[in-house]
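Please open the model in your viewer and keep the sequence panel beside it, as the stops below move from one selection to the next.

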Amino acid sequence: QVQLVESGGGLVQAGGSLRLSCAASGRTFSRFGMGWFRQAPGKEREFVAVIRWSDNSTYYANSVKGRFTISRDNAKNTVYLQMNSLKPEDTAVYYCAAARYLDVGYDYWGQGTQVTVSS
């Protein structure tokens with residue numbers, strides 16, 4: 001069992017930055033692929049970024065590529081999402097998720113953290 005707790009959300013002006021953190025419990029954190037998703041009001045949840053456990057390779061949604069960076073610290077059981085040049089359309093609840101096998105799907109989800117970007 002893995003529990004995920006996000007933090008770091010808040011209110012920021014357009015063009016600003018935030019860093020989200022996702023702390024994971026469990027001894028096998030290093031073997032999980034970790035992803036970030038977001039859901040804006042009235043919209044479907046969408047993929048933001050993922051980092052693989054095997055080689056720390058990353059992949060981003062086109063909408064955030066070049067602005068967001070996902071990283072992980074296995075010693076701290078934590079995955080991060082550095083968000084720069086934020087736009088009002090980035091406003092959403094951001095969720096982290098853990099997957100044993102990324103091609104199968106995500107097994108565990110956090111409760112989410114709100115990010116609001118004002119214009």
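Select Glu6 and Cys22 together: in this predicted model, Glu6 stands opposite Cys22, which belongs to β3. Widening the selection to the two strands, you will have β1 and strand β3, the latter covering residues 18-24, and these pair in the antiparallel sense over 4 bridges.

Next, bring in the rest of the sheet, which is an open one of 4 strands, with antiparallel pairing and the order β1-β3-β8-β7. At its edges stand β1 (4-7) and β7 (68-73), and because each of them has a single partner strand, one side of each is left without a neighbour in the sheet. If you look from one strand to the next, the twist averages 15°.

Now move to Arg38, which you will find in strand β4, made up of residues 33-39. Is Arg38 buried or exposed? Its relative accessibility is 5%, and since buried means under 20%, Arg38 counts as buried.

Keep Arg38 selected and display its side chain, which makes a polar contact of 2.9 Å with the side chain of Asp90.

Key
Residues are numbered from 1 along each chain as its sequence is written. This is a predicted model: local features need pLDDT of at least 70, side-chain atom pairs count only at pLDDT 80 or more; totals for chains, interfaces and linings use all residues. Side-chain values use heavy atoms; hydrogens and water are left out. Buried means under 20% relative accessible area, exposed over 50%, partly exposed in between (1.4 Å probe, protein chains only). A polar contact is a pair of N or O atoms within 3.5 Å; within protein, one must be able to donate a hydrogen and the other to accept it, and residues adjacent in sequence count only if both atoms are side-chain atoms. Two strands pair if DSSP finds at least two bridges between them. Axes are lines fitted to C-alpha atoms, for helices over the stretch in contact, and angles run from 0 to 180 degrees between N-to-C directions.
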